[in-house]
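Q: I have a model open here and would like to go through parts of it with you. Could we start with some strand pairing and then move on to other spots?

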Amino acid sequence: MERIRYEVHSCSSYCGDYPPTHILVDDPSDSKSRWLSDGNQLPQYLVLKLEVPAIVHSITFGKHERPHPCNLKKVQVFGGMDVAHVSLLSECTLENTSVPETINLTHRCKAGLLASQYIKIVPVQSWGLGLNYSVWYVELKGLTDVPVVQKAISDLEDYKEKEALLLCMKHLRQYGYTEPFASLKDRAGVVWEDPMLTHLYKAIVEDGDWKGAEQAMEQAAEAGHFEEYLCEQPVRVQWAPIEVATASAGDQGGCWPGMRGGHQMCVDPNKKVLYMFGGWDGDQDLGDLWRFDVESGTWECVCSDTSLVGGPCPRSCHKMALDLEEGTMYVLGRYIDHVRALPLPGDFFSYSIDLNSWTLISSDTFMDGGPRLIYDHQMCYDGGTRCLYVFGGKVLTSTPASETSLGTYSGLYVFHTVSKQWTCLKPDYSGGPYPHLLVPRMAHNAIFHPGTHQLIILGGERDKIFVSDMMAYNVLTDETEVLADGHDKQIPSTGFTLRATLDHASNIIYLYTGLCESTSEEARQPSNALWSYDMGSARWTCMYRSNQGLWHRRQPPTPCPRYAHQLVYDEKSHTHYMFGGNPALEKSNKIRLDDFWTLKLVRPSVADVLRRSRHLLRRQRFQEMASIDPMEALSFLKTTLASTVDHRDPDESDQFRQLASTLFNTAGNASLGNSIWRRERMEVYNELNLYFPSHMTQPRSSLVDLISIS
């Protein structure tokens with residue numbers, strides 16, 4: 001990329017000693033080397049005219065040598081060939097630091113590469129509340145190669161001309177101007193729409209051939225034309241409570257685990273079994289081991305107190321990992337109240353599922369080269385190397401941390417399950433500078449990606465401050481990559497007891513939040529949200545929030561907000577399982593939850609598209625039928641149309657019940673005419689168009705929408 005020369009074309013305003021031409025010089029030490037707007041009333045702007053048209057790839061904002069309250073916090077960048085018609089290239093948030101920031105700009109459009117003669121910078125917010133806006137220095141980089149830029153300009157003009165013709169053709173056909181439409185179509189020589197859609201249009205709008213229209217949609221489904229639409233649809237979060245089934249034989253004869261938080265769960269997707277161990281019930285630590293059979297929907301108490309059979313003593317805030325190949329579970333760490341603390345060795349256990357037996361691997365992991373006694377850490381298993389990775393957690397000592405020394409956080413350790421040896425990869429942290437990017441913390445989350453050999457660390461807390469970064473540590477190369485530094489406003493809010501899972505086949509991380517970050521104790525309450533992170537596009541998407549206000553009376557049940565819960569993911573069935581937690585009720589800090597939920601992420605299917613298509617077509621058919629033969633329409637409503645209604649959708653269900661009134665509003669009024677039905681049929685056709693890829697359809701936009709009424 002080359003540096004692009006420009007001049008200042010215009011600006012909204014400026015203060016006397018701070019003209020816009022100052023942005024041409026990069027002088028961080030000069031407090032006057034900047035443009036300063038004369039006020040903060042929107043819109044304020046700077047327009048740059050490039051020396052030659054270019055494909056602009058990035059813009060760099062220079063800074064003063066010290067943070068400044070007039071620095072831009074939020075800014076929009078536009079570009080285009082005509083200063084009056086520019087397109088948004090970026091909308092970003094800048095930091096209030098002395099470090100220059102480079103922002104990548106959109107440089108492609110539907111026509112191909114996007115050429116610009118003008119760049120417009122629009123401040124939205126400064127770091128100081130109500131202050132004027134400052135821009136210190138601007139540098140542009142991109143391509144100025146003449147043949148490339150000229151082709152981009154030409155391609156854009158051709159695209160605009162073609163789209164204008166298509167909009168005119170759509171308008172003429174939509175409003176029944178048949179002859180002008182046919183004439184323009186013949187003379188334009190452009191591809192109007194796919195023949196399949198032309199056939200669908202004729203069946204719906206011109207002929208009212210409803211069965212033919214349904215058959216056309218079925219053929220489109222068989223040809224795979226709905227796949228692009230389905231991939232673009234948001235995922236629907238589907239919660240379902242798991243209720244008590246039948247009592248199972250355990251040594252207590254119980255069928256359901258008691259209330260708890262700070263427990264651990266793991267899932268065996270091959271055997272369709274979940275295991276749960278320990279936790280805190282509000283009064284004491286628990287040492288029971290439970291097994292849940294997914295197919296039968298029953299819990300079995302494997303052991304009410306594992307310490308009686310050679311296993312770990314009751315505990316909470318520990319971690320558990322499962323080796324699927326060997327059928328072995330590992331348990332490490334626990335929380336002990338400082339009041340009761342004596343010498344604090346950290347024990348380490350394994351459990352053979354097939355033999356139903358516990359083994360004490362170590363009575364003091366620190367003496368064996370591993371971590372000290374820790375809690376709120378993370379432990380992940382790598383089946384490829386048969387290693388356990390343990391990162392972070394608070395180190396427990398016999399004396400509480402002081403105000404000046406907030407304690408020690410455990411580093412990164414690996415346990416080789418074959419040789420039974422520990423190795424310290426990153427040292428513990430007790431404050432001050434740390435020699436590695438991967439700084440220890442507690443109450444974070446970690447997942448191991450077997451495809452990339454990365455240990456991915458998310459969030460947590462260190463020295464009573466929430467951490468909101470996202471790191472990836474490669475266990476093969478010993479390299480750490482910063483996926484998010486905590487400044488991106490699009491990532492989930494930081495919090496305590498995050499729960500993360502991985503669908504490594506689709507490269508998606510799911511994150512379920514816990515206790516929210518806040519300086520106020522009243523606001524420091526559970527407010528759960530489910531986020532997904534696409535590792536390919538590095539994009540976060542919020543899929544669900546537990547505090548979205550009043551729920552619809554027919555909305556399916558969802559879990560109450562909580563933290564210290566446990567969430568695991570069965571990648572084979574694409575199902576999350578969540579049990580218990582702390583609801584953080586003000587009345588009592590001893591109450592814990594014992595509810596059990598499944599969470600599935602549901603996308604619309606081809607069958608959903610066909611059902612909705614049939615519903616739209618049959619609803620229109622019913623409305624026309626009602627104006628001619630109400631009795632036949634009533635029979636059609638109760639049978640043929642009713643079979644297409646999704647009664648789980650409150651809006652669709654309500655609309656269906658209201659259709660009966662159509663029989664009284666239009667009965668005997670067959671004179672409504674083709675013009676009325678044409679408009680309504682056209683609306684149905686336009687809605688069905690949305691299921692097809694855009695390259696097959698008429699333009700999505702409408703010519704009448706371009707008319708200004710102001």
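Q: How many bridges join S35 to S36, and do they run parallel or antiparallel?
A: Bearing in mind that this is a predicted model, S35 and S36 run antiparallel and are joined by five bridges. Within that pairing, Arg499 has Tyr512 in S36 as its bridge partner.

Q: And Tyr512, what is its bridge partner in S38?
A: That partner is Leu530, and the pairing of strand S36 (residues 508-512) with strand S38 (residues 529-534) is antiparallel, with five bridges.

Q: What's the strand order in the sheet, then?
A: The order is S35-S36-S38-S39 in an open sheet of four strands with antiparallel pairing. Strand S35 (499-503) and strand S39 (539-545) are at the edges and have a single partner strand each, so one side of each is left without a neighbour in the sheet. From one strand to the next, the twist averages 20 degrees.

Q: Is S35 mostly covered or mostly open?
A: It is mostly covered, since five of its five residues are buried. Arg499, Thr501 and Asp503 point one way from S35, while Ala500 and Leu502 point the other way. In a regular strand, side chains alternate between the two faces of the sheet.

Q: Which residue takes a positive phi in the S35 and S36 hairpin?
A: Asn507 does, with a phi near 60 degrees, in a hairpin that has four residues between the strands. The side chain of Asn507 also makes a polar contact of 2.6 Å with the side chain of His449.

Q: OK, His449: where does it lie, and is it buried or exposed?
A: His449 lies in strand S28 (residues 445-449), and it counts as buried because its relative accessibility is 3%, where the cut-off for buried is under 20%. Its side chain also reaches the backbone nitrogen of Thr452 at 3.3 Å, and, leaving aside residues up to four places away in sequence, His449 touches residues including Leu502, His504 and Met535.

Q: Switching to helix H8, which of its residues are buried?
A: In helix H8 (residues 650-658) the buried residues are Glu652, Ser653 and Phe656. Seen down the axis of H8, they fall within an arc of 100 degrees, so they line one face of the helix.

Q: What covers them, and what sits on the face turned away?
A: The cover includes helix H6 (606-626) and helix H7 (630-641), whereas the face turned away from the buried side carries the exposed residues Asp651 and Gln658.

Q: Anything at the start of H8, say what Asp649 reaches?
A: A side-chain oxygen of Asp649 comes to within 3.0 Å of the backbone nitrogen of Asp651 there.

Technical notes: Residues are numbered from 1 along each chain as its sequence is written. This is a predicted model: local features need pLDDT of at least 70, side-chain atom pairs count only at pLDDT 80 or more; totals for chains, interfaces and linings use all residues. Side-chain values use heavy atoms; hydrogens and water are left out. Two strands pair if DSSP finds at least two bridges between them. Helices (H or I, at least four residues) and strands (E, at least two) are DSSP runs, numbered from the N terminus. Axes are lines fitted to C-alpha atoms, for helices over the stretch in contact, and angles run from 0 to 180 degrees between N-to-C directions. Buried means under 20% relative accessible area, exposed over 50%, partly exposed in between (1.4 Å probe, protein chains only). The arc is that of the directions from the helix axis to the C-beta atoms. Contact means heavy atoms within 4.5 Å. A polar contact is a pair of N or O atoms within 3.5 Å; within protein, one must be able to donate a hydrogen and the other to accept it, and residues adjacent in sequence count only if both atoms are side-chain atoms.
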